[in-house]
Amino acid sequence: MHEPTIDEVRLAGVMHALSDPTRLAVVGQLARSGELPCGELDVSVAKSTLSQHLRVLREAGLTRTRPDRNQRWLSLRRDELDRLFPGLLDAVLGALTGVRA
């Protein structure tokens with residue numbers, strides 16, 4: 001499971017990851033909740049599809065995955081991303097009104 005360092009995160013990858021409504025919904029939930037078990041994400045896609053969306057978010061550098069026993073906890077790398085791309089997440093999250101996966 002590749003999770004890039006912040007130095008490996010690129011704007012093009014972040015923008016691609018944010019281009020999908022399901023991934024946007026995940027980012028919005030994480031922004032509101034801080035950290036969630038992957039199984040508690042409120043999205044209406046199959047588990048296999050959600051896994052692919054979570055992989056895209058992780059590989060783009062938007063999320064961090066923390067294993068804990070039999071669960072994986074997901075969080076947004078907000079502080080790091082805000083330093084790398086100031087204002088980007090605020091703009092995306094501000095535009096999320098009405099976005100639902």
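1. The crossing of helix 2 and helix 3 is right-handed, a label used when the near helix is turned clockwise from the far one by less than a right angle, the anticlockwise case being left-handed. Helices here are DSSP runs (H or I, at least four residues) and strands are runs of E (at least two), numbered from the N terminus. This is a predicted model, in which local features need pLDDT of at least 70 and side-chain atom pairs count only at pLDDT 80 or more, while totals for chains, interfaces and linings use all residues. Residues are numbered from 1 along each chain as its sequence is written, and side-chain values use heavy atoms, with hydrogens and water left out.

2. Two packed helices are described by the angle between their axes and the distance between the axes. For helix 2 (residues 21–33) and helix 3 (residues 47–60), the axes come within 10 Å and cross at roughly 70 degrees. Helix 2 is therefore roughly perpendicular to helix 3. The axes are lines fitted to C-alpha atoms, for helices over the stretch in contact, with angles from 0 to 180 degrees between N-to-C directions. Angles under 35 degrees count as roughly parallel, over 145 as roughly antiparallel, 65 to 115 as roughly perpendicular and the rest as oblique.

3. The residues that meet are Thr22, Arg23, Val26 and Val27 from helix 2, and Leu50, His53, Leu54, Val56 and Leu57 from helix 3. By class, this contact has six nonpolar, two polar and one charged residues. Nonpolar covers Ala, Val, Leu, Ile, Met, Phe, Trp, Tyr, Cys and Pro; charged covers Asp, Glu, Lys and Arg; the others, Gly among them, are polar. Contact means heavy atoms within 4.5 Å.

4. Helix 2 has 13 residues and reaches 18 Å from its first C-alpha to its last, close to the 18 Å expected at 1.5 Å a residue. The expected span is 1.5 Å times one less than the number of residues. Its buried residues are Thr22, Arg23, Leu24, Ala25, Val26, Val27, Gly28, Gln29 and Leu30. Buried means under 20% relative accessible area, exposed over 50%, and partly exposed in between (1.4 Å probe, protein chains only). The cover over these residues includes helix 1, strand 1 (35–37), helix 3, strand 2, strand 3 and helix 5.

5. Gln29 belongs to helix 2 and counts as buried because its relative accessibility is 8%. Apart from neighbours within four places in sequence, Gln29 contacts Leu36, Glu40, Leu41, Asp42 and Val43.

6. Helix 3, with 14 residues, reaches 20 Å from its first C-alpha to its last, close to the 20 Å expected at 1.5 Å a residue. Leu50, His53, Leu54, Val56, Leu57, Arg58 and Ala60 are its buried residues. They pack against helix 1 (11–17), helix 2, strand 2 (63–68) and strand 3 (71–76). Gly61 follows helix 3 and has a positive phi, near 95 degrees.

7. Most residues other than glycine have a negative phi. Arg69 sits in the loop between strand 2 and strand 3 and is exposed because its relative accessibility is 79%.

8. Ser75 lies in strand 3. Its relative accessible area is 17%, so Ser75 is buried. Setting aside neighbours within four places in sequence, Ser75 touches Leu30, Gly34, Glu35, Leu62, Thr63 and Arg64.

9. His16, in helix 1, is partly exposed, with a relative accessible area of 48%. Beyond neighbours within four places in sequence, His16 is in contact with Arg23 and Val56. Its C-alpha is separated by 19 Å from that of Val45, 29 residues apart along the chain.

10. Asp90 is placed in helix 5 (residues 88–94). At 47% relative accessibility, Asp90 counts as partly exposed. The C-alpha atoms of Asp90 and Val9 are separated by 18 Å, with the two residues 81 apart along the chain.
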